[in-house]
Amino acid sequence: MYLFVLVYFPEVQFPLTFCYKETISERNRNMIKFFLMVNKQGQTRLSRYYEHVEIQKRTMLETEVIKNCLSRSKEQCSFIEYKDFKLVYRQYAALFIVVGINETENEMAVYELIHNFVEVLDKYFSRVSELDIMFNLDRVHIILDEMVLNGCIVETNKNRILAPLLVLDKMAES
Amino acid sequence: MPAVSKGDGMRGLAVFISDIRNCKSKEAEIKRINKELANIRSKFKGDKALDGYSKKKYVCKLLFIFLLGHDIDFGHMEAVNLLSSNKYTEKQIGYLFISVLVNSNSELIRLINNAIKNDLASRNPTFMCLALHCIANVGSREMAEAFASEVPRVLVAGDTMDSVKQSAALCLLRLYKTSPDLVPMGEWTSRVVHLLNDQHMGVVTAAVSLITCLCKKNPDDFKTCVSLAVSRLSRIVSSASTDLQDYTYYFVPAPWLSVKLLRLLQCYPPPEDAAVKGRLVECLETILNKAQEPPKSKKVQHSNAKNAILFEAISLIIHYDSEPNLLVRACNQLGQFLQHRETNLRYLALESMCTLASSEFSHEAVKTHIETVINALKTERDVSVRQRAADLLYAMCDRTNAKQIVSEMLSYLETADYSIREEIVLKVAILAEKYAVDYSWYVDTILNLIRIAGDYVSEEVWYRVIQIVINRDDVQGYAAKTVFEALQAPACHENMVKVGGYILGEFGNLIAGDPRSSPLVQFNLLHSKFHLCSVATRALLLSAYIKFINLFPETKATIQDVLRSDSQIRNADVELQQRAVEYLKLSSIASTDVLATVLEEMPPFPERESSILAKLKKKKGPGAGSELDEGKKESGAELNGGVEPTASTALTCWGSGLPPPTSSTVPTSTGNLLVDVFSDSASAAPGLAPATEDNFLRSFFPLGDTVSLFVCKNNGVLFENQLLQIGVKSEFRQNLGRMYLFYGNKTSVQFQSFTPTVTYPGELQTGTQLNIQTKAVDPLVEGGAQVQQVLNIECLSDFTLTPLLNIKFRYGGALQNITLKLPITLNKFFQATEMLSQDFFQRWKQLSQPQQEAQKIFKANHPMDSEVTKAKLLGFGCALLDKVDPNPENYVGAGIIQTKSLQVGCLLRLEPNAQAQMYRLTLRTSREPVSRHLCGLLAEQF
């Protein structure tokens, strides 16, 4: 018995995106979640996020992070448990460098990564200061991008980190 | 080099930054920024075409403004234009802007993709690196679609430059994380693994990250990486400190790469091949040996880098958990760090030792450091280090040292930071119970806990001590004596009064022989605390009093006087008043036999897992406390009888188990509760027999499945009984939703401890399907009042189960527990899609695989009214498409289910057959579970 009339539907392609668009949540995957440079006044001098964070949340996070760091004394350790991740920080004069990492990352390795980063900056700017970082934000970004990509450490060799930047400077001079 | 701005110093940028620095106030800064934004906007909009240099300057300024925390909603197009510049400096700044400011959902991706495509094809390594960095940082689905086949090719090609390979490796990692389905495995797998052999250390560093991610999904395909990683590690570890040149950091060869290799090895079990395993053990031994060698440099960087490797090596040793020798050596090494002057090392050593404590091979070795750890708990200046020390003490605790550890933790508790007190209380309670050899020690410990940190002793803890005392008759006399003594203190914590009241009420007779604790003395002691206590505790004390009347007939007159006093019998609190009235009547009407039966000693509690442990686990997240469960094989829980106090049973049985006082809630009652108590057998006495209120509730308010009522509508009454009404209003947009729940107290009495919580059954627990955020509501709901709770809902991927709403509250002392389904179903995230007849048919045909279709033929449950049907379909969320189906009687709809991770297009067709009073419903979507689920949901509506 036929209850229903069958309808003929003609055969044509339709775009795939209509029915299928998938991105896997990045949660808990990245090793390094963000890299911040904040001064004692709480002004952010560099921020690089390896997972998407809304701008309002960034400001809040940066304020809280620096508050956490400032409240600690020299005797306290450089690792802070913060929400569901850890902060590793170092202080250089009035500037804090704070890196957010997930549980599995090696704290000590990140702690030294920060120092390596500062040494690279020192080498490039010959004794880096907060001003250098502010006025050359693009270059600091290049350096960081050469060292950390997508939340992973990608290069630690100072000469190779600086290589693209030196090419850039040479081009600018010519 | 110039001190301020290097390279092609952009004066305008420098001036702007200086201006910002000179701003005296936040307002001035915002003003300056707005001015600059307006300036840039007008420049971009202006008729004059900007040259590359100016564009670059403005984009730099925008980056700086973004850094200051201001959202940038323009300039993207200009940045994209910079990408196609031939000048490296301009191209670079364009890419920088995009990777900092553009997220993967941007509409510009297509344009960006074009630029990337050109740069990848340029064969200029610098340009290729920029393009690959951009993919690695933005990494959207569309990028994956465009480049998933290209990137692996670049990565493994023989002629690719090293720096490009590095970028390609991390780029591929990103694409794989974003869209694993688009990154084909196979042909290039083994070549990626062999990158571990690459002579360039930078390439290896990048490749290890990629392999670590890939091998988690396909462990077998990447198995060969183990031996390659071991040999690479071995070469690094045994190299002289200068061999690796620039990759040597303060005389430590390639520390970061070593750490990464050790981390990669933790994805696999110990190597089976004896040669590989031997080599690896040798490596690990070398790393441990190096820690003992005199440092090659006095610089702290040297020892830090060395220790980073050491800690990772220890993690690997713990991961294998098969080499007793290495485990013990690791433990000894960490033991040295425990007394190191660097706080960082002490912190990490405590943390790492915590995991060592759970291995049977190293547990004893860890225990030898107990004095040092206790000392750390007492003297460390950093709370996070103290916290680690407490964790380690908890992990290393066993039968031999439990008394010492518990007493140290107790004494630490007196000065402990507020932030960690509750956790320490839970830990002490668990250890005391687990390793109790004699229960008098256990009782002492818990009473000490209450004395020292009464505010942090949760209900679970004091329920537990009562249950253990009730279940073990050898400790009851001691418990009665101890609480009696504890209550002598002039100021004792309310929790102590609760425990005291309960225990004396049950077992006061065991100490009544001593004239110093005669029945009247006991009663007066308890009653002296009465007026300082909260309603809940007073209610409990009243029950203790009636129990006293049964235990000690000589106290009857005194207690009756107390109950008869105006402050009880006319108490403003209805629960207290009712108890006073009922107990007074009970004691005067009932015969001794009835009284003895009704007020009999509590029966033992059923045995279950400790709820305290569950609470600690919840507090610390998964994994915490597991050292105790799995790590050590001693099961103290069996010894003590492992009684389970679910919070609710403990309360119902004794403290406040009377049914709600208003008679309307108890339909069987004819007005006077006491009539019921006496007419039924004694076991039916609801207040004192162990009946759970769960049964109580269910028998009077059967809960129907209301969710199907809300499939096609968003507002209405979700639940109602005599006490509570819950209304719901909700709105959904895309994959987000907001739901307002209105809890109305229908009685004239305050609800206490009102806690609605959202719980996730089954698959929803994984947290990958639905994310519901909410804030706690005020725990007090006044009589006749209504409180509102907002749930923010995010749909992450398609789901079929319904989240639950659990509501607990105390009504007149009795705990009410209601669980119902939240009306959040997948169709709420429908976005209606209008389309023409032709499009519909195209798509319909496209979804022709059998599993994409779900169909139901069913009898109509409601009158077949076409207007109603239309309204329901619209309420379901899809668009109704007119003139699509050749048969005008049929309904055709289309929509897209919006979730965060994917979108599912849905087509549906409903064919009514009025003659047969039946429907045929057909759904086609790209995902089989979605088709079936939606079909099921909708079919119930007609």
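Over all chains, the structure holds 51 salt bridges. The model is predicted.

**View 1. A salt bridge joins Arg160(A) and Glu155(A).** The side chains of the pair meet at 3.0 Å, N to O. Glu155(A) is buried, at 3% relative accessibility, whereas Arg160(A), with a relative accessible area of 23%, is partly exposed.

**View 2. Glu459(B) and Arg810(B) form a salt bridge between distant parts of the chain.** The N to O distance is 3.0 Å. Glu459(B) belongs to helix α25 (residues 459-471) of chain B and Arg810(B) to strand β9 (residues 804-811) of chain B, 351 residues apart. The relative accessible area of Arg810(B) is 12%, under the 20% limit, so Arg810(B) counts as buried. Glu459(B) is partly exposed, at 32%.

View 3. Elsewhere, salt bridges with shared partners connect Glu81(A), Arg388(B), Asp391(B), Glu423(B) and Lys427(B) into one network.

**View 4. Five strands of chain A form an open sheet in the order β3-β2-β6-β5-β4.** The pairing is antiparallel. Strands β3 (44-49) and β4 (79-82) of chain A stand at the edges with a single partner strand each, so one side of each has no neighbour in the sheet. On average, neighbouring strands are turned by 20 degrees against each other, direction ignored. Strand β2 (residues 32-39) of chain A is joined to β6 (residues 95-101) of chain A by seven bridges, and Leu36(A) has Val98(A) in β6(A) as its bridge partner. Helix α2 (residues 107-125) of chain A packs on the sheet, touching β2, β3, β4, β5 and β6 of chain A, and its direction makes about 35 degrees with that of β5(A). Helix α4 (residues 137-147) of chain A lies across β2 and β3 of chain A, at about 40 degrees to β3(A).

**View 5. Strand β16 (residues 918-925) of chain B is mostly covered.** Eight of its eight residues are buried. One side carries Met918(B), Arg920(B), Thr922(B) and Arg924(B), and the other Tyr919(B), Leu921(B), Leu923(B) and Thr925(B). Seven bridges link β16(B) to the antiparallel strand β12 (residues 853-859) of chain B, with Lys859(B) opposite Met918(B). Strand β15 (residues 902-913) of chain B pairs with β16(B) over eight bridges, also antiparallel, and Cys906(B) stands opposite Thr925(B). Four residues separate β15(B) and β16(B) in a hairpin, where Gln917(B) in the turn has a positive phi of about 55 degrees.

Note on methods
Residues are numbered from 1 along each chain as its sequence is written. Chains are lettered from A and ligands numbered from 1 in the order in which they are written. This is a predicted model: local features need pLDDT of at least 70, side-chain atom pairs count only at pLDDT 80 or more; totals for chains, interfaces and linings use all residues. Side-chain values use heavy atoms; hydrogens and water are left out. Buried means under 20% relative accessible area, exposed over 50%, partly exposed in between (1.4 Å probe, protein chains only). Helices (H or I, at least four residues) and strands (E, at least two) are DSSP runs, numbered from the N terminus. Two strands pair if DSSP finds at least two bridges between them. Axes are lines fitted to C-alpha atoms, for helices over the stretch in contact, and angles run from 0 to 180 degrees between N-to-C directions. Contact means heavy atoms within 4.5 Å. A salt bridge is a side-chain nitrogen of Lys or Arg within 4 Å of a carboxyl oxygen of Asp or Glu.
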